[in-house]
Every structure is written in structure tokens, then in C-alpha cells.
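I set out to record how the secondary structure elements of this model are arranged. The entries below follow the order in which I looked them up.

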Amino acid sequence: MDRNDMKHSDQPVAIVTGGAGEGIGHGITEVLCENGWAVVITDRNKERGESMRERMRARGYRIELVVVDVTAPEAPQVTIDAALCAFGWINGLVNNVGVGLAKPSGEVSDEEFWALFNVDFMASFRFTRAVLPALCAAGGAIVNIGSVHAALNMPKYALYAATKAALEAFTRGVAVDYGKSGVRANIIHPGLVESPQNETLLAKLYNDPRRWLDDYVRRYQCLGKLVSAREVGELAAFLLGPKAATITGQRIFVDGGTTTLLYSND
């Protein structure tokens, strides 16, 4: 099917920022494609983005790639224009891109703060602002990816937690401002997600990262398994879709029960 035919199909279309990432981004993109969505992903790494696009196309899915740094002021409009050109409309936005910062709050420089804030909040704000006209026209939905840190914290994560808490408050505000226009907005707060990214990070910190993960699950989760990227993707697909038509302004934790425990299981 060529692009002109795509424009006249009734297939829903979603933008996923960082949709080629090895962790949650990959899971969201894959699940959306499997659930019948056409997807436009952004990634600043061209090789990684193209690899993801070609894997999905080889499986018969409709997917486009926009190589862009989400912190660039023009990135949202460039991405939206590409989505409208390829598919004709936009039904959903997943603000997935995020970075971390682990440092005592009193030692964080202005430069480090703004680098974190520009990715973890400003990019989501700009993409949301830019896509709202298309979503109002389509009656679409927004899903933001937050973190359990928005509600609870640990040493060295104060600034990261602050950006995710701001994103949660912004999500509620969008739900209030645009609900009457048919637009829904919700935020997912993942806990520790099993992914190549986290495994690589843990390998730098611990001699036996698998043992550390097993210990984490045993001590700090109600459930005995880590969250997978696909499970986050399944929830994102549900929240974007028609079965969640009356769900808006909500925060939903996907953390195996980490935020439910008052103390460790020990």
C-alpha cells in the first residue's frame, strides 16, 4: 500500500519519542505495531532508528523514523509534519524519551539540571503542545512515561524525581484543559524494568548484576518478577486505545508492587 492509500485508511497513528530505544521505547513501539497502530518513532541515533524501522517493516508493520534530538525546539513540528505526510492524521502521542541523573541534590550544577529538565520535561511539553491541534481533531490521547521516583525517592535522585513529578502534574493539567476537546492524557510510572540498558548499567556497578536484580525483586517488590518493556507497552497501548475512553488524568504504576511496600520484604 502506498502513502496515499494509507491516508485514507482508518488505522490509528501514534508518535513515540525514543521509540527505537533498547528498553521501554522498543517495547512500546513493538506492542503498538502488533495492536494495529501505524507508528512514527523518533531517535537521535540514525543507525538504531533505522534498524528498528526495518525490523518492524519486515514484519509487515507501517512505521516511519524521524532522526531528531527531541530537545531541539523544531523537533516536535518536524516529527508531526512527517507523521501527517505519511499517514494523514495523528491519534496518539507517547512521550517516552528520558534520561537519568544520580547525584546528591546539593552537588547538581545548573548545567546538569537543565540538561536533565530539557529531556525529561521540556521535550514532553513541546511535543504535547505541538500535537494538540491534531489530537483535538482526531479525539486522541497522550501517554507520558514517568517513574516511580515521582512518588517515592532514594538518595541522589532528587532532581530526577522532581522532573518526573512535574511531568505528572503537567499530565493532569492537559487532561483538564483538553478533556472537553476529546483529548485524554495519562502517565505511566514504571519501576525497575528488565532491559539491556539497565543490565549494562548494573554490570558497571556490581560484579553479579543478575544476583542484584534477583535480590531487588525479593526484597522490594510484592511480585516475584521484574517489569518487562513489553508490559509497559501493553499499558501504553491500552491507554491510547478506545477501551480507555473514560480514563484521563491518571497516574498508573507498573512496578511489581514496589510503591506498595512500606518496608522491604525482609
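Entry 1, a helix pair. I noted that helix 4 and helix 5 cross in a right-handed sense. The model is a predicted one. For helix 4 (residues 75-87) and helix 5 (residues 110-138) I recorded a packing angle of about 45° and axes 8 Å apart. At that angle helix 4 counts as oblique to helix 5. I then listed the contact: helix 4 contributes A75, P76, Q77, T79 and I80, and helix 5 contributes R126, F127, A130 and V131. By class, the residues of this contact are six nonpolar, two polar and one charged.

I found an open sheet of seven strands, paired in parallel, in the order 3-2-1-4-5-6-9. Strand 3 (63-67) and strand 9 (251-254) are at the edges with a single partner strand each, so one side of each has no neighbour in the sheet. On average, neighbouring strands of this sheet are turned by 20° against each other, direction ignored.

I looked up strand 4 (residues 92-95) and strand 5 (residues 141-145), which pair in the parallel sense over four bridges. Within strand 5, I142 is the residue opposite L93.

Definitions and conventions:
Residues are numbered from 1 along each chain as its sequence is written. This is a predicted model: local features need pLDDT of at least 70, side-chain atom pairs count only at pLDDT 80 or more; totals for chains, interfaces and linings use all residues. Side-chain values use heavy atoms; hydrogens and water are left out. Two strands pair if DSSP finds at least two bridges between them. Helices (H or I, at least four residues) and strands (E, at least two) are DSSP runs, numbered from the N terminus. Axes are lines fitted to C-alpha atoms, for helices over the stretch in contact, and angles run from 0 to 180 degrees between N-to-C directions. Angles under 35 degrees count as roughly parallel, over 145 as roughly antiparallel, 65 to 115 as roughly perpendicular and the rest as oblique. A crossing is left-handed if the near helix is turned anticlockwise from the far one by less than a right angle, and right-handed if clockwise. Contact means heavy atoms within 4.5 Å. Ala, Val, Leu, Ile, Met, Phe, Trp, Tyr, Cys and Pro count as nonpolar, Asp, Glu, Lys and Arg as charged, and the others, Gly among them, as polar.
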